[in-house]
Amino acid sequence: MFVIDRSGSMAFTLDGRQGAPRAEWRWTILQNALRRTITAFDGEIAMGAKFFPEVLSPNDLASSERSCRTDTGAAIAPSRGNAQVILDVFEVTAPRGGTPTSEAIRGAATFLSQRRSVARTLVVATDGAPNCNPDLDGRTCFCTAASCDSNRGRYSCLDDARTIATIRETAEVQKIPVYVIGIGGLERPEFLHVLDEMAIAGGRPLPGPTRHYNVQSERELTNALATIRDSVSKCTYLTPSAPHDPDKIAVAIDGVAIGRDPSKTDGWDWVDQTYGELALFGSACALAQGDGGPPAVVTGVVSCDE
């Protein structure tokens, strides 16, 4: 399930310039990268999308509340054959309004939590800091706009704590991992750490100093999406039965035993043991993908209770 930023700054270029041709917008670059990565897998992966904020008219921008609107649920329910449906949204809508990241993720996760027949994943693609929380105080908050002093301005307060908490609940309680892609955004580098914290909370951070997928070119964005796509499609599995003891399963790739790693760094671990969903991480995930060749054979044997 893609959770896609449609806020006004997605009409900026990757380096933060305004007023550029549409072909240079972050919005268009994301559309192009998605076309390259998801179309070929249209029949293999059930995909859906939640765009945020909702489609806005120019009149909606006069109201902070309306410019932050994100309805409950999913705009496009996950299904095979949805790639073009998702891509068409980029053609018929344009970036406007605020960045209600927390509520968009909450809505998408609530929708996915009702679907128990497939492994579930959220991929958040955004170009900057979440805001749109009317409960924050514009006089004291960290502002994402020029000013947050007015009552209306409070919608521009940085909504980092609530967004990170929403992602953590999604990953830990609803058992839906969250990948985070940051598109451009170097014009406000002070917000990049928020994207890192979001990625950590989602349970799928990158190793190293930068924890989210920070992309500054169309090629980097395409590569990030391809990496996430392959991790979801080739490194996440549903077992036909789940042991009561989380260690009573032997996982192997092409006959080679793979150890369990609760840190989710290098090996396998449960995403949702009760549901029987597990994933491979690090070199184990790369090995399962076949290192550019045919995918490897991944097996799991559950031991019977004595």
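This briefing describes helix packing, strand pairing and some backbone details of one structure.

The model is predicted, so that local features are reported at pLDDT of at least 70 and side-chain atom pairs count only at pLDDT 80 or more, while totals for chains, interfaces and linings use all residues. Residues are numbered from 1 along each chain as its sequence is written, and side-chain values use heavy atoms, with hydrogens and water left out. Helices (H or I, at least four residues) and strands (E, at least two) are DSSP runs numbered from the N terminus.

- Two packed helices are described by the angle between their axes and the distance between the axes.
- Axes are lines fitted to C-alpha atoms, for helices over the stretch in contact, and angles run from 0 to 180 degrees between N-to-C directions.
- Helix α1 (residues 26-38) packs against helix α7 (residues 218-235) at an angle of about 45 degrees, and their axes are 9 Å apart.
- The two helices α1 and α7 are therefore oblique to each other, given that angles under 35 degrees count as roughly parallel, over 145 as roughly antiparallel, 65 to 115 as roughly perpendicular and the rest as oblique.
- The crossing of α1 with α7 is right-handed; a crossing is right-handed if the near helix is turned clockwise from the far one by less than a right angle, and left-handed if anticlockwise.
- On the α1 side, the contact (heavy atoms within 4.5 Å) is made by Ile29, Leu30, Asn32, Ala33, Leu34, Arg36 and Thr37, and on the α7 side by Glu218, Leu221, Thr222, Leu225, Ala226 and Arg229.
- Seven nonpolar, three polar and three charged residues make up this contact of α1 with α7, where Ala, Val, Leu, Ile, Met, Phe, Trp, Tyr, Cys and Pro count as nonpolar, Asp, Glu, Lys and Arg as charged, and the others, Gly among them, as polar.
- Helix α1 also packs with helix α3 (residues 83-92), at an angle of about 165 degrees and with the axes 10 Å apart.
- Helices α1 and α3 are therefore roughly antiparallel to each other, and their crossing is left-handed.
- Trp27, Leu30, Gln31, Leu34, Arg35 and Ile38 of α1 meet Ala83, Leu87, Val89, Phe90 and Glu91 of α3 in this contact.
- The residues of the contact of α1 with α3 comprise eight nonpolar, one polar and two charged.

- Three strands form an open sheet in the order β7-β11-β10, with antiparallel pairing; two strands pair if DSSP finds at least two bridges between them.
- The edge strands β7 (236-238) and β10 (267-272) each pair on one side only.
- On average, and with direction ignored, neighbouring strands of this sheet are turned by 30 degrees against each other.
- Strand β7 runs antiparallel to strand β11 (residues 277-281), to which three bridges join it, and Tyr237 stands opposite Leu278 in β11.
- Helix α7 lies across β7 and β11, running at about 25 degrees to β7.

**Strand β8 and its partners**

- Strand β8 (residues 249-253) has four of its five residues buried, so it is largely enclosed by the rest of the structure; buried means under 20% relative accessible area, exposed over 50% and partly exposed in between, for a 1.4 Å probe and protein chains only.
- Five bridges join β8 to the antiparallel strand β12 (residues 298-302), in which Val298 stands opposite Ile253.
- With strand β9 (residues 256-258), β8 pairs in the antiparallel sense over three bridges, and Ala252 has Ala257 as its bridge partner in β9.

**Backbone details**

- Most residues other than glycine have a negative phi, and most peptide bonds are trans.
- Asp254 takes a positive phi near 50 degrees in the hairpin of β8 and β9, which has two residues between the strands, and Asp254 is exposed, with a relative accessible area of 52%.
- Lys175, not a glycine either, has a positive phi of about 60 degrees; Lys175 lies in the loop between α5 (160-172) and β5 (178-183) and is partly exposed, with a relative accessible area of 28%.
- Leaving aside its neighbours within four places in sequence, Lys175 is in contact with Arg120, Thr170, Val271 and Asp272.
- The peptide bond from Phe52 to Pro53 is cis, with omega near -5 degrees, and Pro53 lies in the loop between β2 (47-52) and α2 (64-67).
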